[in-house]
Amino acid sequence: MTASATKVRFDGLDVTAMVAELQSLVGQRVVNIYNDDTNGSLYWIKFEQHKANELLVLESGIRLHVSTTGRNTNTTAPSPFCAKLRKHVRGLRLEQITQLGASNERVVCMTFAAPDKGKYGLILELYAQGNLILCDARNNWEILALLRSHTYQLSSDTPSPLEDREQPSITSITVQVQVGHVYPVTLATTTTTTSAASTTATSAAFQKEGFLSSNDWDRIDAWMREQLQDSLPTDLNQSNRKKSKKQKQKNWKWLLLQHSSGYSHYGPALIEHCLLQAGVSPQHMLPLEKNECSHLIKTLEKEGSRIMESLQQTSPQAGFLLYRLDDDEGVGNQIETPNNDDKDNRSQPAKIYLEFQPYLFRQHQDQQHKLVQECASFSEAVDLFFGQLWQQKHQAKLKSARLAMQNKLQKLEQDQTDRVQSLQVAAEQWQKQARAVQQHAVMVEQALQVVNSALNSGMDWDQLNEIVRVEQENQNPVAMLIHHLHLNDNTMVLRLPSDTLEDDDESIKVTLELSETAHGNANRMFAQYRASKEKAAKTLEKTEQALLAAQHQAQQQFQQQQYQTVRALTKQQHKKAWYEKFLWFITSDNYLVLGGKDAQQNELLVKRYLRKQDLYLHADVAGAASCIVRGKAASLQAAATTATNGISPQALSEAGHWTVCQSVAWKKKMITSAWWVYSHQVSKTAPSGEYLTTGSFMIRGKKNYLKPASLELGLGILFRLGDDDPDTLARHANERKDYVALALLEDQPPDNESVTMTRDNLINDNGSYEAELEQSAEEPGETTEVEEANAEDSSVSINVDTNEKDESVDSDGNDEDRQDQVSGNEKAQSKRGLSVKERKLLKKYSSLEEAQRIISQKKQEERPSTPVSKSASEKTKVANDKSTAKRGQRGKAKKKMLKYADQDDEDRELAMVALQGKKNKKNQPKKKVNTKNETEQQLAAETVALLVKDPKEIARKLEYSIRDLLAECVTVGEEADKVARWDKFDGDTLEQLQSLSIEAQTMAARRLLNLKRTSRVDHFSASLGGIIRTIKKFGHENIKMDDENDATAAKRKTKEEKDAAVKEWKQTLAEEGVVDLDQEDMALDDVQELGKLTGKPHPEDMILYAVPVLAPYQTLSQYTYRIKLTPGAMKRGKASKQCQEIFLRDDQNKGTASHDRFKEYIKKIPDNDMIQTICADVKISTAGASKLAKQSKSAGKKSKNKQ
């Protein structure tokens, strides 16, 4: 078993170095936040302008760094805390990342803010059990959510952080860290209100308080001797005892880690480095001479300050890994290199990482048992360390399996050897006894005759034993041979001289049968000897076979475990796309079709991902999933002119085919058809008195049925193309052409035969689907409800309510398309017929145009008569009643509105009091009870004093010239009433400005004033923060001022630029599967992402990974790797293995270099992904499937026969 790492979490210096390195993330916007299902304390944050495969890792109590190894993509849904983070932090910019307290503190604070969206702080605690806390920075850092609620218990003998440090608190104090309370910074860190928040100022404060930092040698000597006196035993009896562990630690390293030394903020690693640099052993016991102590103090100040300054540099610094080579023999310590062609570098000893350090300290240099590996950055070193820990765990399992196999074989071999030896010893013993009986046959015969004659005469057994004893005392030679009589078994034991020993005193005990003669007993013993000898020979022969079989079986088990370990280590760690968590496939004309795996996913799919231009599909079969066909941005303009929202009939046909196959119809081999509706027909609102379960929806309006399709699916392999190779992407551009979309863009009717052919799949028996859609919206009908039981706990409730739809359209009068249809196209009316309401209007007004004109005129006349004194609540109620009231209730609502038109809220409340006799307490706001004690309130005040910065106070600390420039930026009012609005600046932003040099501060203030004069500045604090980040990145010398008359100067963004930025941000969110539910036009396109997936890889393509997909078999007609599946009895696990074997065999492409390359990507597909892709029980209907099944069956029989 390999030794485990000696350092598995961050210390104070690690936090200091990492916070300085992560300053490059400041100013970037958060795209999304992820959590890990297996590790509840692990979270990832993705930023907008960062690399695609780089995520910020936050593990509570453990680490904080940027990772390139990817995240766990098997998470089902975000945790409640992750959802809270997404709600408040997603879309905000990282304004600041700091280390709270001194350099030895392990608390990191990240501030996220955006104009008009609030300001939030995310605090990461990296000590003890750790914690991750989300606070509202604009509400005194009140806790909104946290991973772990806990309580600080300040006992009576613990000094209170709020009072004098020398006076202990009298009573026990309880401080709660939970939602609704202010985060207690003074308890989580050593920061106080008197110390500055920056690390440098805090370090200076530490040194100022310490004894060693003073120049008074007498004071230093007295302090050291006091520490030494405390470490000595106080009792004489204790001097003879062994020193305790705590007493052994009282050396110089322990002394400098004390808070009173003034250098405790350095941490153990830096203190040990300084001690070795000064020539003092860290284990050296106190005290030192004056010269040695002075040299040590100078080293601490000089060397410690130099290293601390290097760690606080924002430029990337090198990171270091300490490791040792695993020299143990066996396959567990061999790792494969990526280049399989290099035979010389095929394997190398595995590295066992022990520590990660931001600086190569002296104690880590020139060590024989620890080697050093340098990385480009500290974040890269930490990422490699924790990534290797996971691999070391699997390698340790592999090594333990190998050792267990060896131990098992050794034990089996030893057991077989012992058994053969015991048989051989028994055979030799039988041979010795037989020879002894044969050699002393006369005396043995006499002994048998004497005993048998006594027994035949009826002598008592006890009397016989007594006679034998007496004769033995008389030295009777026959009696001397008898050792013991076992008359119950009719045997006796004789002590005969051995024939192989020269010494007569040595004898051998022989058990004889009384019923047999001496020669008969000898023959019986020789027979036992021969039987034992034969048994030993057979056992020896079988032992070799058993050992070979055991070795073969153990080797198979080990190879299986080794294969699983290698699969776990080398499986593709690609970041899964947002749609891969659902059932999905891509149609032959490049439309994305999604389906839910269970009721929860059905709910998520409709609520979050169903857009206005999408279509919803389902089937009237139990177990059918909720499916959607995602529309394209290219077809949005033509969506209103086509009955299918611009989605091609071919895509609808394939999606309906796939929807039916994903239901119980597959198992029952039942041919049926699917149906589709528009997105606005899908609702989660249940009828009055009914309830919709999770995954159930109401369908209002006409369902459009598709033609039945055969139960045939195909399993194909899609290859993900690389983003960095434009030739690869251009080679596969327009691979899945959508002729309908191209025709719509060109405003020409599609003349492709395939399009006109697939259009017939949408036609029902009663006529075209357009006519049926119009009839469904106009003809009156009764409301029907159908509950569909779903095998996967999902159902769709169908509710056809055409009357309600007609009423809502006609009463609102906002359906312009419908009005155009009614008034402008009489030919279409004659074809489709008139509805009941239109017949009434035609009979009353003689024409529909006249009816429309009169109705609109009446509505305009009714508008002035509407009472103006309605309260806001009544307006809202009337609006709600207008949209939700049923027939007969609208008239009552109008009468009620007219009756109480002059009644305001106060009159209504008085009337309710008169009716009920007391005030209605139901609608009164509840008073908040302040449950915080005095200590928590004081701690909250200290937190506000430390973290909430007053911009006006910080501005006073700036230079006069800089303050005047900033004041001119935010000054409002006329000449006489000019006021500087310092609240337009954020305190943290002004603190960042204060940390710059005077020249940089002046340039930043001048640039902000220049922006105000040349363009309009909406948010001064955000603009100043952007200028500060630019200066830190490029320097203040490169900042240029714009001329007011310069046409190329920075101007306010136009509406087109803003819309382009918003669209780009929506596209970024769409790639993560995030859809803004409040947006009107969710015109997000999947074409760009789908264009990076191909089923026809080219030998020169840049491929990242492969992914399996299940689709209708006709959709996979152009795929290189595809297998036809039909309903059958083969389980998914077995089917996935056979399909993978068929892919890897592929006789058509066998032998080509490209096929061997593609095979490697197919091998790396995780087994679980392949199994989850296949639906239910299947039958593989492809060439060579039956032959492969027979081969696997015969191989299984052979393995059973061998065993």
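This is a predicted model: local features need pLDDT of at least 70, side-chain atom pairs count only at pLDDT 80 or more; totals for chains, interfaces and linings use all residues.
Residues are numbered from 1 along each chain as its sequence is written, and side-chain values use heavy atoms, with hydrogens and water left out.

H273 belongs to helix α9 (residues 267-277), helices being DSSP runs of H or I with at least four residues and strands runs of E with at least two, numbered from the N terminus. Residues up to four places away in sequence aside, H273 touches E303, I307, Y359, F361, R362 and Q363, contact meaning heavy atoms within 4.5 Å.

Across the protein, 42 helices and 36 strands are found, and buried residues account for 44% of the 1203 residues. Of the contacts between residues at least 6 apart in sequence, 69% join residues at least 24 apart.

Three strands form an open antiparallel sheet in the order β15-β12-β16, two strands being paired if DSSP finds at least two bridges between them. The edges are taken by β15 (351-357) and β16 (371-375), each of which has a single partner strand, so one side of each is left without a neighbour in the sheet. From one strand to the next, the twist averages 30 degrees, with axes taken as lines fitted to C-alpha atoms, for helices over the stretch in contact, and angles running from 0 to 180 degrees between N-to-C directions. Helix α11 (residues 378-439) packs on this sheet and touches β12, β15 and β16, its direction making about 145 degrees with that of β15. Strand β12 (residues 319-325) is joined to β15 by six bridges in an antiparallel arrangement, and L325 stands opposite K351 in β15.

A further open sheet consists of four antiparallel strands in the order β1-β2-β3-β4. Here β1 (30-35) and β4 (63-67) stand at the edges with a single partner strand each, so one side of each lacks a neighbour in the sheet, and the twist averages 20 degrees from one strand to the next. Five bridges pair β1 with strand β2 (residues 42-47) in the antiparallel sense, and N35 stands opposite Y43 in β2.

The structure holds 22 aromatic pairs, defined for rings of Phe, Tyr and Trp (its six-membered ring) with centres within 6.5 Å, planes under 30 degrees apart counting as stacked, over 60 as edge-to-face and the rest as tilted. The rings of Y616 and W675 have centres 6.3 Å apart and planes at 50 degrees, so this pair is tilted. Because Y616 lies in strand β22 (residues 615-619) and W675 in strand β24 (residues 674-678), the pair ties together parts that are 59 residues apart in sequence; both Y616 and W675 are buried. One aromatic cluster is formed by F10, F356, F378, F385 and F386.

Technical notes:
Buried means under 20% relative accessible area, exposed over 50%, partly exposed in between (1.4 Å probe, protein chains only).
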